[in-house]
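Please examine the structure shown below before reading on.

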Amino acid sequence: MQITGPVREVLSWYDGERPGVKANLARMLMHGLTGGSGRLLILPVDQGFEHGPAVSFAPNPAGYDPRYHFELAIEAGVSALAAPLGFLTVGADRYAGAVPLILKANCANGLGSIKDEAITATVRDALELGCSAIGYTIYPGSDRQYEMFEEVRAGAAEAKAHGLAVVIWAYPRGGSLSHEGETAIDVVAYGAQIAAQLGAHIIKVKPPTDRIETAQAKSAYEAPGCDLSTLKSRVSHVLEAAFGKRRLVVFSGGPAKDIDAVYAEITSIAAGGGHGSIVGRNTFQRPRAEALAMLRRIAAIHVAAGSAGSQP
Ligand code: FBP
C-alpha cells in the first residue's frame with residue numbers, strides 16, 4: 001500500500017518516534033473512509049462503563065452486544081474502534097484485522113463521586129488483542145489529576161516501547177472548574193497541551209465554547225486580534241495549543257442530538273483544520289442504517305475539508 005502525501009505529512013510530525021508507533025498511526029490513518037486523507041473517524045464505545053448500560057444502549061438495544069459495534073465499525077469504514085478491555089475481548093478474535101482497535105485502558109463510572117479513572121487494562125492486553133493504540137482519559141483540573149498524569153505517563157511510555165500509538169482523551173473536569181468551564185476555550189486548549197506534553201499521538205477533546213474560564217488566561221484571550229467567536233477559529237486555536245498543529249486532535253460528538261446539528265458542528269470542526277471526529281452516542285444510539293449514513297457523511301465532510309486546504 002502506498003502511504004499518501006497527507007498521511008506522510010502527519011507522520012513527519014512524529015519524527016523521533018519508534019517505527020512501530022508510526023506504522024500503527026499509519027494503519028489507522030490509511031484505513032476506511034477517511035483513509036489517506038490525514039483525517040480520522042473513530043467510533044468510541046466506552047459509554048456502557050463510563051455512563052451506564054441502559055443510559056448508553058437502551059435507545060438501540062442491539063448495542064448491548066459488543067459484536068454490534070465491531071460490525072458497525074467495519075461496515076461504516078471508520079479509522080478505528082475504541083473500547084474497554086471487556087468489549088474488545090468479545091470481538092478482537094472474530095474480527096481480527098478488519099478494523100484497527102484502540103484499547104481504552106482506564107475507565108470512570110457514573111456511580112462514583114470523585115473525578116477519577118481506574119486502570120482497567122494493560123499494554124500487554126492491547127498487544128494480545130492486536131490493537132494499534134492504547135487510550136487513556138485524563139481529567140486536568142480534578143483533585144486526582146497529578147496521579148492520573150503519572151499513571152498515563154507510565155502507560156504511554158510502556159505502550160510506545162512496544163510500538164503502540166497513544167490516544168489521550170483530555171477532559172478537564174472536577175476541582176474548581178465550573179461545569180461550563182469544562183468546555184471553555186482556554187480550558188480545552190490547556191487540556192490539549194497537557195495531553196501533548198504527556199506524550200499523546202492523538203488527542204481527543206470536546207468542541208470548545210467561547211467562554212474563558214480561568215482568570216490567568218483572560219488577558220491572553222482578550223488581546224486585540226484574538227477572535228475566537230466561531231467554532232472554526234476555536235478549533236484552530238486548540239490545534240495550535242497541541243504543539244503548533246503537530247499533533248492529531250479529534251473532536252467528540254457528545255449526547256445524541258439532531259442530525260443537522262451534528263453535521264453543522266462537524267463542518268465547522270473540519271473547516272478549522274480539526275483532524276477528525278470521535279462520535280459514539282450519536283452513532284450507536286441511532287438505528288443502524290441511519291448511523292451508517294451519518295458516519296459516511298461525517299467522513300465525507302472531513303475528507304472534503306482536507307482536500308479543500310483546511311490542512312491538518
Ligand atoms: P460520545 O460521542 O458519546 O460523547 O463519546 C465520546 C466520549 O469521549 C466517550 O469515549 C466517553 O465515554 C464520553 O465521550 C465521555 O462523555 P462525558 O464527558 O459526557 O462523560
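Predicted model: local features only at pLDDT ≥ 70, side-chain atom pairs only at ≥ 80, totals over all residues.

Strand β3 has a partner in β2 (residues 80–83), and the two pair in the parallel sense over three bridges. Within this pairing, I102 of β3 is the bridge partner of A82. Together with helix α6 (residues 85–91), β2 and β3 form a right-handed β-α-β unit. Strand β3 is also joined to β6 (residues 133–138) by three bridges, and these strands run parallel. Here L103 has I134 of β6 as its bridge partner.

## The barrel

How many strands make up the closed barrel? There are eight, in the order β1-β2-β3-β6-β7-β8-β9-β10, with parallel pairing. From one strand to the next, the twist averages 25 degrees. As a general principle, the strands of a sheet pair through backbone hydrogen bonds, either parallel or antiparallel.

## Helix α14

The 20 residues of α14 should span 28 Å at 1.5 Å a residue; the end C-alpha atoms of the helix are 29 Å apart, which agrees.

Buried residues of α14 include A291, L295, I298 and H302. An α-helix has 3.6 residues a turn, so residues three or four places apart point the same way. The buried residues of α14 pack against β1 (40–44), α5 (66–76), α12 (259–271), β10 (276–278) and α13 (281–284).

In soluble globular proteins, nonpolar side chains tend to be buried together. The largest nonpolar core of this model has 74 residues, and L88, I138, I203 and V205 have the most contacts inside it. Helix α14 (residues 288–307) supplies the largest share of this core, eight residues. A second, separate core has 28 residues, among them A26, M30, Y139 and Y171.

Which residues does V205 contact, leaving aside its neighbours within four places in sequence? They are A170, Y171, V188, A192, V238, V249, V250, F251 and S252.

Notes:
Residues numbered from 1 in each chain as written. Heavy atoms only, no water. Core = buried A, V, L, I, M, F, W, Y, C linked by side-chain atoms within 4.5 Å. Buried < 20%, exposed > 50% of the residue type's maximum accessible area, 1.4 Å probe, protein only. Helix = DSSP H or I, 4+ residues; strand = E, 2+ residues; numbered from the N terminus. Contact = heavy atoms within 4.5 Å. Pairing = 2+ DSSP bridges. Right-handed = clockwise from strand over helix to strand, strands pointing away. Expected span 1.5 Å × (residues − 1). Axes fitted to C-alpha atoms, helices over the stretch in contact; angles between N-to-C directions.
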